[in-house]
Amino acid sequence: MNAISHQIQLLRRPTGLPTLEDFALRDVPLPALQEGEVQVANQWLSVDPYMRGRMSEAKSYVPPFPLNGPLDGGAIGTVQASRHPDFKVGDKVSSMLGWRDAFVANAAQLTRLPDTTLPPQRFLGALGMPGMTAWAGLHKVAHLKAGETLLVSAASGAVGTMAVQLAKQAGARVIGSTGSADKVAYLKTLGADAVINYRETPDLDAELARLAPEGIHVYFENVGGAMLDAALNHLVVHGRIVLCGLIEQYNSNGQASGPRNLSQVIRKRILMQGLLVSDHWQHYGAFLAEAMPAFEAGTLQAEETVSEGLASMPQAFIGLFQGRNTGKMLVRLP
Ligand code: NDP
């Protein structure tokens, strides 16, 4: 059983794209287990773009990470010792105590994974927070209808791959955008009707005109920048935008880009709504009831990009901003 927690700490607040020097791997002794507490060894760590916001001091919907303290994030682990009746040794649990290999926590900070043969790490990706984000964005914010055309940016990522598949299952026509030829091919295997490689498409406007001559009903926005400008030009009257993420800006040092054509929102009475998945967590059970059987039956698929070992976590995190992942970015611990 671990006596020490190896953990990644934030040494300084990154400027622009984070570097490996912004992080340190440190050893912290684990405290003795008290009544009501559980000791967990993590096996899977979640790597998420929103963590970049918490590395800066800017006020947000989640507090900044402390310097020289443990970072946190989604994790899946196994109970190693328990002084709480609801958890026993060997139970698989999820927590927000990631970026470390082991921890002692109050049982209230743990959630037991549902009983399923699906891989446990799925609950950090397609069946976890990113999958729930896609589901809530499509069904609780955009109210996507069969026959509508949906555009999804960062379509090959954790949220995007679920948005593409769930939208196809809802009967929509789906256009994705992504950053490589391999990812374009992958998205087509998921059922996307058309995919734009934005790195190879100098005129996004013309490409959307070609791919959606009747217009786009819903834009699921994960990126911002040029794609948002182009989408605004091609949304239909009363089109909807789910503003889920703006990853193009996360390392921008305050120099946020556009959109330059917001007048389209007025002209076409477009409804743009921000999405925070935490607002929809009361529906997580409904999402799981729909998505778990679909994964078990093979009608939904999930891809993962796995990095090995705790020390690889900072590089995996930086890789999110370089398009290194297809599907969910994860770190596996021995
Ligand atoms: P992804 O798995 O999609 O990983 C990020 C991807 O974004 C990369 O693989 C890359 O793919 C793309 N990307 C990175 N930088 C750029 C850039 N400058 N321009 C265009 N594309 C870029 O991450 P998630 O699925 O976890 O998150 C997707 C989005 O959803 C993020 O913006 C995130 O912040 C947001 N989010 C919001 C939530 C909410 O509650 N509002 C909850 C969860 C996520 P590519 O090859 O296509 O470039």
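Visitor: Which residues in H2 are buried?
Guide: In H2, the buried residues are Pro-130, Gly-131, Met-132, Thr-133, Ala-134, Trp-135, Ala-136, Gly-137, Leu-138 and Val-141, where buried means under 20% relative accessible area, exposed means over 50% and partly exposed lies in between, for a 1.4 Å probe and protein chains only. That is 10 of the 13 residues of H2, a helix that is mostly covered. Helices (H or I, at least four residues) and strands (E, at least two) are DSSP runs, numbered from the N terminus.

Visitor: Before going on, what kind of model is this?
Guide: This is a predicted model, in which local features need pLDDT of at least 70 and side-chain atom pairs count only at pLDDT 80 or more, while totals for chains, interfaces and linings use all residues. Residues are numbered from 1 along each chain as its sequence is written, and side-chain values use heavy atoms, with hydrogens and water left out.

Visitor: OK. At what angle do H2 and H8 pack?
Guide: Helix H2 (residues 129-141) packs with helix H8 (residues 284-297) at an angle of about 100 degrees, and their axes are 10 Å apart. That makes H2 roughly perpendicular to H8, a label for angles of 65 to 115 degrees, whereas under 35 counts as roughly parallel, over 145 as roughly antiparallel and the rest as oblique. The axes are lines fitted to C-alpha atoms, for helices over the stretch in contact, and angles run from 0 to 180 degrees between N-to-C directions.

Visitor: And which residues in H2 and H8 meet?
Guide: From H2 there are Gly-131, Met-132 and Trp-135, and they meet Tyr-284, Ala-286, Phe-287 and Glu-290 of H8, with contact meaning heavy atoms within 4.5 Å. Sorted by class, this contact has five nonpolar, one polar and one charged residues; Ala, Val, Leu, Ile, Met, Phe, Trp, Tyr, Cys and Pro count as nonpolar, Asp, Glu, Lys and Arg as charged, and the others, Gly among them, as polar.

Visitor: How many aromatic pairs does a search of the whole structure find?
Guide: The search finds seven aromatic pairs, taking rings of Phe, Tyr and Trp (its six-membered ring) as paired if their centres lie within 6.5 Å, with planes under 30 degrees apart called stacked, over 60 edge-to-face and the rest tilted. One of them is Trp-135 with Phe-287, a tilted pair because the ring centres are 6.0 Å apart and the planes stand at 55 degrees. Since Trp-135 lies in helix H2 and Phe-287 in helix H8, the pair ties together parts that are 152 residues apart in sequence.

Visitor: Is Trp-135 buried or exposed, and is Phe-287 buried or exposed?
Guide: Trp-135 counts as buried at 6% relative accessibility, and Phe-287 counts as buried at 0%. The ring of Phe-287 also pairs with that of Tyr-284, with centres 6.1 Å apart and planes at 35 degrees, so this pair is tilted.

Visitor: How far apart are Tyr-284 and Phe-287 in helix H8?
Guide: Tyr-284 and Phe-287 are three residues apart in helix H8, and therefore separated by about one helical turn. Tyr-284 counts as buried at 17% relative accessibility, and, not counting residues up to four places away in sequence, it touches Phe-123, Leu-127, Gly-128 and Met-132.

Visitor: Other rings now: which residues do ring pairs link into a cluster?
Guide: Phe-23, Trp-99, Phe-317 and Phe-321 are linked into a cluster by ring pairs. Elsewhere, the charged end of Arg-112 sits over the ring of Phe-87, 5.1 Å from its centre; the criterion is that NZ of Lys or CZ of Arg is within 6 Å of the ring centre and within 35 degrees of the ring normal.

Visitor: New topic, the backbone. Where does Ala-154 lie?
Guide: Ala-154 lies in the loop between E8 and helix H3 (158-169); its phi is near 50 degrees, a positive value in a residue other than glycine. Most residues other than glycine have a negative phi. Ala-154 counts as partly exposed, at 30% relative accessibility. Arg-269, in the loop between helix H7 (263-267) and strand E13 (271-274), has a positive phi of about 50 degrees although it is not a glycine, and it counts as partly exposed at 47%.

Visitor: Last one: which residues is Met-329 in contact with?
Guide: Leaving aside neighbours within four places in sequence, Met-329 is in contact with Leu-45, Ser-46, Val-47, Thr-305, Ala-316, Gly-319, Leu-320 and Arg-324. Met-329 has its place in strand E15 (residues 328-332) and counts as buried at 4% relative accessibility.
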